[in-house]
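Keep the sequence and the 3D view open as you read.

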Number of protein chains: 2
Amino acid sequence: MSGGRVAPARRPRVVIIGAGFGGINAAIGLKNADVDVTVIDRRNYHMFQPLLYQVATAGLSPAQIAMPIRHILRSQKNATVLMDKVEDVDKEARIVITATRRIPYNHLVIATGARHAYFGRDDWEDLAPGLKTVGDATEIRARILTAFEKAEVSEDPAARVRLLTFIVVGGGPTGVELAGAIAELARQAIVRDFRHIDSSTARVVLAEAGPRLLPAFPESLSASAKKQLEKLGVEVRLGHAVTQCDENGVVLADGHAIASGCVLWAAGVQASRAAKWLKAEADRAGRVIVCEDLSLPDNPEIFIIGDTALVKGEDGKPVPGVAPAAKQMGKYVARLIKARLAGKPVGPFRYANYGNLATIGRKAAVADFGWIRLSGFIAWLLWSFAHLWFLVGFRNRIVVFLDWAWAYTTFDRGARLITERRST
Amino acid sequence: MSGGRVAPARRPRVVIIGAGFGGINAAIGLKNADVDVTVIDRRNYHMFQPLLYQVATAGLSPAQIAMPIRHILRSQKNATVLMDKVEDVDKEARIVITATRRIPYNHLVIATGARHAYFGRDDWEDLAPGLKTVGDATEIRARILTAFEKAEVSEDPAARVRLLTFIVVGGGPTGVELAGAIAELARQAIVRDFRHIDSSTARVVLAEAGPRLLPAFPESLSASAKKQLEKLGVEVRLGHAVTQCDENGVVLADGHAIASGCVLWAAGVQASRAAKWLKAEADRAGRVIVCEDLSLPDNPEIFIIGDTALVKGEDGKPVPGVAPAAKQMGKYVARLIKARLAGKPVGPFRYANYGNLATIGRKAAVADFGWIRLSGFIAWLLWSFAHLWFLVGFRNRIVVFLDWAWAYTTFDRGARLITERRST
């Protein structure tokens, strides 16, 4: 290798951009294939995103839910991991372009995920951070914990009320998880820690523009989720879009202003920039419209998977942007590439929905398996076991299990650190 | 409470600035005293500093060695914790001043520790970070891991050599620990993770200006430490001060330049600004010269403890800036304050040196107990048990034990995350 260009490999080269659930499963699925796999990610870790809200609310440490990508693929001899930021794709020349490199591919898998969407108000991002990366999570954790610390030292009653008001915008799974976890933190984990404030008086508002929480679930479970959140002390405001957001707090669509020092955003996602790289057709959320086999129309060598793809399920509805769907797409694409190289046909991608789980609190959740709907403690137990089971890496499973067992029996939260962004 | 001033407490108020080993032990020592204790720290956590180098080298997570101060003191009814930054002390009015508050005291304990010293080259701090806070540790961790990542994607052989050269400046305990841990990381934990580089070829240079490593230890153990480091593959350069430091690396006193993308600073400490607040006499390292009972001359109600104090031991030499000394000073001051309130006399502070331990690697260390000197694996076992034993909190002990057991048997390092400073 020399110059700015990587010499084409003798074996077909599969380049995978993004090492989330989709990308990492595509890479692992190609383990025994006669190809060279190159995984590019701008971060060095794969993350178990379903538990990221626990990092944001001080229940888990980043290292408990994240693992270096190259560690996961260390024994996969045909895989190379590059930590780099993709800037463009040259479809004609079949080259992925980063700031310093041009990486040729024979097959390209784009699994770059999604970010939160501010619906044209990107200036709100600093005021109301969303939750997608480990950096987001530690930032949110610092904001939540700092609010309590500031309230403890404040001598102005109005400032205290503002500091002890937490607003979560968006009633999807992330919003529900965050609101529930903040309420539990305030009412249980830290309630004995302060002398000048009563943390259990903290107000947690969950504002959802639509008519119900968790719109992907049946209405009965949405109602159950609302009830379970309210039991935890969360104020659920349905049909309340946020129309203004600044340092003082938010203003809702009905003109009602809520003063808050900690606003969190969970109101929508925007797919990554893949559609721009590919100059491809996308929906409003930026998801690339793909063929039945997840390939780009007219470019059968390019696949788009996970939250970046708009895939229709058998019911005609888009496959949801959840971890199991991304995993299935990654595995499917690996199988398809291997079949193609062997000259065998593969049918279209079919999303298998094994059920839908959302957690609300320490013993509250909702679960929808189609044939059965569960809520409350039983749903929470299911959720816990499912998440532990799927958590990458044996070691993390043990440590997270111990942390949960500890937190469950003691109400403690282990990772309550306000860490500095820069060393000071 | 109202306005900017806290009304004086009815009971004597002890204000403790800093919640390191000294401050937290002073606070805990006053548990059953008839006083109000206020602990002020600009961070929300107490940290087990002797293991901080493990966070910097990806062995442990921050939450495994740090715990919220208010959590430690949650059941101590007479203690209040304030997260705030002290700006000054008014000795005459007996008031501690922060940006927003004025906090009166009857007894003041200053335990604000030390920072690394750049000997007049503060502009080197960004180039060569030191290791004192959790933020420092995650920054150093990101720099070390990013160097390997960049080397893996680089196609310029000279750049690779530079990226795979790590320089640790300073041969005290922190420098020895860092150099040993980086060498082990490169040669063991990550050696199978890369495809384009051989991480075991990484060059780790430990540059010490003085004639030997670990100057606080007997010469035989300094020599042993050097040998053990060299066995791990560390290049130890004694009598080599660093005279220049920039983006390209360092220049040593003999004019020899070493290209490096990752320079770490462990070359000296400077006490906190306490001497300035108090307008007190200090030594060159900024340590306040205190009386035999750790109080400030002419101000018996002010105590300075830990790394901020210059205390003479029975042998006439200054008590070293180590955790056991800070703990003993904290406990002593608590006892003294209680005795004073009871009208009883207390003798001068006596530092009890139970031994000196420094770790070098996964099974290498040196230990000096005066009557016996140990090195190698036995010293390392002692070091491990001592540190596990003293680690704050039962929970952390279990988790750290498991992590060590795992790392020891598998050579794995659990916390290899390059986390973002800001969410992106």
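Two residues are in contact if their C-beta atoms, placed from the backbone, lie within 7 Å. The model is predicted.

Q: How many residues of domain 1 of chain A are in contact with domain 2 of chain A?
A: Chain A is divided into domain 1 (13-116 + 270-341) and domain 2 (126-267). Their C-alpha centres lie 32 Å apart. On the domain 2 side, 18 residues take part in the contact. On the domain 1 side, the count is 13.

Q: Which element gives the most to the side of domain 1 of chain A that touches domain 2 of chain A?
A: Two elements of chain A, α2 (52-56) and β10 (114-116), each supply at least two residues of that side. By class, the side has 9 nonpolar, 3 polar and 1 charged residues. The element that gives the most, with 4 residues, is α2(A).

Q: Which element gives the most to the side of chain A that touches chain B?
A: In this interface, 50 residues of chain A are in contact with 50 residues of chain B. Elements of chain A that each supply at least two residues include α3 (62-65), β5 (79-83) and α12 (394-410). The side of chain A has 20 nonpolar, 12 polar and 18 charged residues. With 9 residues, the element that gives the most is α5(A).

Q: What relates the two copies?
A: Chain A can be laid on chain B with an RMSD of 0.0 Å. That takes a turn of 180° and a shift of 0.0 Å along the axis. The copies are thus related as by a two-fold rotation axis.

Q: What percentage of the interface residues of chain A are also interface residues in chain B?
A: The copies meet through the same surface.

Q: Which residue in the hairpin of β6(A) and β7(A) takes a positive phi?
A: Strand β6 (residues 86-90) and strand β7 (residues 95-98) of chain A run antiparallel, joined by 4 bridges. One pair of bridge partners is Val89(A) and Val96(A). The hairpin has 4 residues between the strands. The positive phi, near 55°, belongs to Arg94(A).

Q: Which are the edge strands of the open sheet of 6 strands in chain B?
A: The order of this sheet is β5-β2-β1-β9-β21-β20, with mixed pairing. An edge strand here pairs on one side only. The two are β5 (79-83) and β20 (295-296) of chain B.

Q: What is the bridge partner of Arg13(B) in β2(B)?
A: Strand β1 (residues 13-17) and strand β2 (residues 36-41) of chain B pair in the parallel sense. The pairing runs over 5 bridges. In β2(B), the partner of Arg13(B) is Asp36(B).

Q: Which elements are among those that cover the buried residues of α10(B)?
A: Helix α10 (residues 323-341) of chain B has 19 residues and reaches 27 Å, close to the 27 Å expected at 1.5 Å a residue. Its buried residues include Met329(B), Tyr332(B), Val333(B) and Leu336(B). Just after the helix, Gly343(B) takes a positive phi of about 75°. The cover includes β1, α1 (21-29), β9 (107-110), β21 (299-304) and β22 (309-310) of chain B.

Q: How far apart in space are Pro300(B) and His107(B), C-alpha to C-alpha?
A: Pro300(B) is in strand β21 of chain B. It counts as partly exposed, with 13 C-beta neighbours inside 10 Å. In sequence, Pro300(B) and His107(B) are 193 residues apart. In space, their C-alpha separation is 8.6 Å.

Q: What separates the C-alpha atoms of Thr100(B) and Glu87(B)?
A: Thr100(B) sits in the loop between β7 (95-98) and β8 (102-104) of chain B. With 14 C-beta neighbours inside 10 Å, Thr100(B) counts as partly exposed. Glu87(B) is 13 residues from Thr100(B) along the chain, and the C-alpha separation is 9.9 Å.

Notes: Residues are numbered from 1 along each chain as its sequence is written. Chains are lettered from A and ligands numbered from 1 in the order in which they are written. This is a predicted model: local features need pLDDT of at least 70, side-chain atom pairs count only at pLDDT 80 or more; totals for chains, interfaces and linings use all residues. Ala, Val, Leu, Ile, Met, Phe, Trp, Tyr, Cys and Pro count as nonpolar, Asp, Glu, Lys and Arg as charged, and the others, Gly among them, as polar. Copies are superposed by least squares on the C-alpha atoms of residues with pLDDT of at least 70 in both. Domain bounds come from an automatic or database domain assignment. Two strands pair if DSSP finds at least two bridges between them. The expected span of a helix is 1.5 Å times one less than its number of residues. A residue is buried if 20 or more other C-beta atoms lie within 10 Å of its own, exposed if 12 or fewer, and partly exposed in between; C-beta atoms are placed from the backbone.
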